[in-house]
Amino acid sequence: MSAAAVEHPCDDEPEPMLVTANHLMEQLPGYRVEIIGGVITVAPPPDGPHANALTTLMIPFLAAGLHGDETRVLQAIGLWLPGGPEDYAIPDLAIVDADFDEHLVENNCYDPAVFRLVLEVTSGNYKSDLRNKVTAYAEAKIPVYVIVDRKHSRLHVLTEPTGGTYDNHEVYAPGQTAALPDSIGAEVALDVAELVRAGRPRA
């Protein structure tokens with residue numbers, strides 16, 4: 001999903017960014033609108049291989065029982081970010097505490113404290129996933145951030161958030177298996193080759 005910055009209208013009192021973002025969502029059904037670092041970004045609907053990779057990713061999480069009484073596996077759930085007064089993100093996939101609905105903050109977004117893992121599958125916006133969102137999710141103290149980097153055919157697992165970065169950043173290539181921290185609620189290992197294959201567009 002390629003992302004483009006959107007500027008405020010030029011008038012004496014610009015409307016709040018959340019209002020602008022919600023107007024954009026109404027005008028562009030299916031697009032993902034986020035505010036990260038005080039900048040509104042708009043990403044078009046993902047392609048088929050992106051969706052295929054996302055479903056392939058969900059299978060081991062579901063098989064491990066993470067969509068149960070203690071945790072839930074959710075797509076496109078809003079995450080309220082502490083980096084700005086109106087910042088929020090909508091990660092492709094998240095593992096959250098089962099009582100997440102008791103922690104609604106604003107604008108259909110939830111307190112970062114209920115998120116155990118967030119995951120992004122890159123498209124044209126891979127630089128945002130690998131840079132801006134690393135900072136945003138680390139500032140929100142999300143314990144585990146996983147990135148399926150389709151452009152470079154690898155998987156990133158970031159843990160131990162400190163300030164605006166992650167102290168631990170492991171990169172896995174096809175042929176390797178990425179074991180995720182038990183803190184997500186279960187033992188899960190991801191087959192990198194399978195994920196890269198699922199997300200690769202047909203020639």
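Guide: In this predicted model, leucine 155 is in contact with residues beyond four places in sequence, among them Val146, Ile147, Val148, Tyr172 and Leu195.

Visitor: What makes Phe61 and Leu155 stand out in the largest nonpolar core?

Guide: Of the 28 residues in that core, Phe61 and Leu155 touch the most other members. The helix α2 (48–63) gives the most to this core, with 5 residues. A second, separate core of 23 residues includes Ile36 and Tyr145.

Visitor: Why is asparagine 107 called partly exposed?

Guide: Buried means under 20% relative accessible area and exposed means over 50%. Asparagine 107 has 23% relative accessibility, so the residue counts as partly exposed. Its place is in the loop between β8 and β9.

Visitor: What makes the phi of asparagine 107 worth noting?

Guide: Most residues other than glycine have a negative phi. The phi of asparagine 107 is near 55°, a positive value. Serine 153, in the loop between β11 and β12, also has a positive phi, near 55°.

Visitor: How do you know whether serine 153 is buried, exposed or partly exposed?

Guide: The value for serine 153 is 26% relative accessibility, and therefore serine 153 counts as partly exposed.

Visitor: Which residues of helix α1 are buried, and why are they said to line one face?

Guide: In α1 (residues 17–27), the buried residues are Met17, Leu18, Thr20, Ala21 and Leu24. Seen down the axis of α1, these buried residues fall within an arc of 160°, so they line one face of the helix. The face turned away from the buried side carries the exposed residues Glu26 and Gln27.

Note on methods
Residues numbered from 1 in each chain as written. Predicted model: local features only at pLDDT ≥ 70, side-chain atom pairs only at ≥ 80, totals over all residues. Heavy atoms only, no water. Buried < 20%, exposed > 50% of the residue type's maximum accessible area, 1.4 Å probe, protein only. Helix = DSSP H or I, 4+ residues; strand = E, 2+ residues; numbered from the N terminus. Arc of directions from axis to C-beta. Core = buried A, V, L, I, M, F, W, Y, C linked by side-chain atoms within 4.5 Å. Contact = heavy atoms within 4.5 Å.
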